[in-house]
Amino acid sequence: MHELKSRMEDLEQLAALALAHPRATPRIRRLINEALRDFRGMVLFAMHFENPRWIAEATETIEEPIRHIERFFLKFAVKA
């Protein structure tokens, strides 16, 4: 359960940075906010019932939006 909490915090921090990014369009902001809402619900549900299968599934599933946001940053990264 600790890993799930940690990954949710990672997602929230990345999302906050992405939402503040100057290239974040209204569509990107909406998609990020929708993903956060959906994943918060899933995480809270899994942790509330302390169901190991649901926690494992939520931990695995949360990686997808994290990868999407990381790709967003890579797309606009400044080339050295």
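Author: Helices (H or I, at least four residues) and strands (E, at least two) are DSSP runs, numbered from the N terminus. On that basis the elements of the protein chain run α-α-α-α from the N terminus on, with four helices and zero strands. Before going further: this is a predicted model, where local features need pLDDT of at least 70 and side-chain atom pairs count only at pLDDT 80 or more, while totals for chains, interfaces and linings use all residues. Residues are numbered from 1 along each chain as its sequence is written, and side-chain values use heavy atoms, with hydrogens and water left out.

Along the principal axes, the C-alpha atoms of the protein chain fill a box of roughly 45 × 25 × 15 Å. Of the 80 residues, 28% are buried, where buried means under 20% relative accessible area, exposed over 50%, and partly exposed in between (1.4 Å probe, protein chains only). Contact here means heavy atoms within 4.5 Å. Take the contacts between residues at least 6 apart in sequence: 72% of them join residues at least 24 apart.

The helix I'd zoom in on is α3, residues 52-61. Ile 55, Ala 58 and Thr 59 are its buried residues. Seen down the axis of α3, they fall within an arc of 100 degrees, so they line one face of the helix; the arc is that of the directions from the helix axis to the C-beta atoms. Arg 53 and Glu 60 sit on the other side of α3, and both are exposed. What do the buried residues of α3 pack against? Their partners are α1 (2-20), α2 (26-49) and α4 (63-75).

Arg 53 also turns up at the start of α3, where a side-chain oxygen of Asn 51 comes to within 2.9 Å of the backbone nitrogen of Arg 53. That pair is a polar contact: N or O atoms within 3.5 Å, where within protein one must be able to donate a hydrogen and the other to accept it, and residues adjacent in sequence count only if both atoms are side-chain atoms.

Back on the buried face, Thr 59 has a relative accessible area of 11%. Its side chain reaches the backbone oxygen of Ile 55 at 2.8 Å. Not counting residues up to four places away in sequence, Thr 59 touches Glu 3 and Leu 4. Between the C-alpha atoms of Thr 59 and Met 42, which are 17 residues apart along the chain, there are 9.8 Å.

For comparison, have a look at a loop residue. His 21 lies between α1 and α2 and is buried, with a relative accessible area of 16%. The side chain of His 21 reaches the backbone nitrogen of Arg 23 at 2.9 Å. Leaving aside neighbours within four places in sequence, His 21 is in contact with Arg 29, Phe 72, Phe 73 and Phe 76.

One last stop is the largest pocket. Thirteen residues line it, with Ile 28, Leu 31, Ile 32, His 68 and Ile 69 nearest its centre. The elements giving two or more residues to that lining are α1, α2 and α4, and α2 supplies the largest share, six residues.

Conventions:
On a 1 Å grid over the protein atoms alone, a cavity is a set of points where a 1.4 Å probe fits but cannot get out, and a pocket is an open set with protein on both sides within 12 Å along at least five of seven lines; lining residues have an atom within 4 Å of a point.
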